[in-house]
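Colleague: Could you take me through the salt bridges and the ligand site, with the cut-offs behind each term?

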Amino acid sequence: MKIATYPGTFDPVTNGHIDIIRRGMEIFDRIIVTVARNTTKTTLFSPAERLDLLRKSLSGMTNVEVVSFAGLVVEHAKSVGAVAVLRGLRAVSDFEYEFQMALMNRKLAPEINTVFLMPNEKYTYLNSSIIRSLSEFDADINDFVPKVVADALKKKIMKKQATMKGKK
Ligand code: COA
């Protein structure tokens, strides 16, 4: 049984992430999608909300599990019996950061490999910040995220805007 973890912030999950998960499923027997706590990021959705959106977005998929963790990626990978950490590479600009992270993870746990997959070209320009920003301006994001995510974003932004109005 070959297991891979797919860690990320997922604030929120996009179709680009789901594309990577689908590709990963062709290689691994089980994918553990892990909502990580990147301490350098302030997120719009709480860890519980991100977990819930991922679970709903991936509900039709078998052999995919969604969990959260707040430690080192490789420690988590070891604890779930994963042989690999799955990461997406969208563009050359991702490379340096991913390369550094992969080499540091290899230093920390040589038995765990990082596997990079490229999403469909139509998702190469996508990231969660762009999605959050588009939805602040009420742009149509239905081509980029599952419906459950688009609905949750709409609700979250409306709540945020109402709170800001209340403060004025
Ligand atoms: N499609 C669309 N967007 C994608 C994507 C894809 N296939 N793959 C990545 N992205 C986007 C994400 O949405 C995110 O966008 P944002 O920054 O605008 O929100 C961005 O690319 C990168 O995010 P992500 O893949 O979630 O990585 P991250 O840098 O936020 O976190 C962790 C990576 C979670 C593995 C890591 O930073 C972490 O927290 N590790 C825990 C501590 C650790 O192990 N440290 C040692 C590592 S050396």
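Modeller: A salt bridge here is a side-chain nitrogen of Lys or Arg within 4 Å of a carboxyl oxygen of Asp or Glu. This is a predicted model, in which local features need pLDDT of at least 70 and side-chain atom pairs count only at pLDDT 80 or more, while totals for chains, interfaces and linings use all residues. Residues are numbered from 1 along each chain as its sequence is written, and side-chain values use heavy atoms, with hydrogens and water left out.

Colleague: Which residue forms a salt bridge with Asp 11?

Modeller: The rule gives a count of 10 salt bridges. In one of them the closest N and O atoms are 3.3 Å apart, and the partner of Asp 11 is Arg 132.

Colleague: How far is an oxygen atom of the ligand from an N or O atom in the side chain of Thr 9?

Modeller: A polar contact is a pair of N or O atoms within 3.5 Å; within protein, one must be able to donate a hydrogen and the other to accept it, and residues adjacent in sequence count only if both atoms are side-chain atoms. For the side chain of Thr 9 and the ligand oxygen, the distance is 2.5 Å.

Colleague: Which element gives the largest share of the shell around the ligand?

Modeller: Elements giving two or more residues to this shell are α1 (15-25), α4 (92-108) and α5 (128-136). The largest share, four residues, comes from α4.
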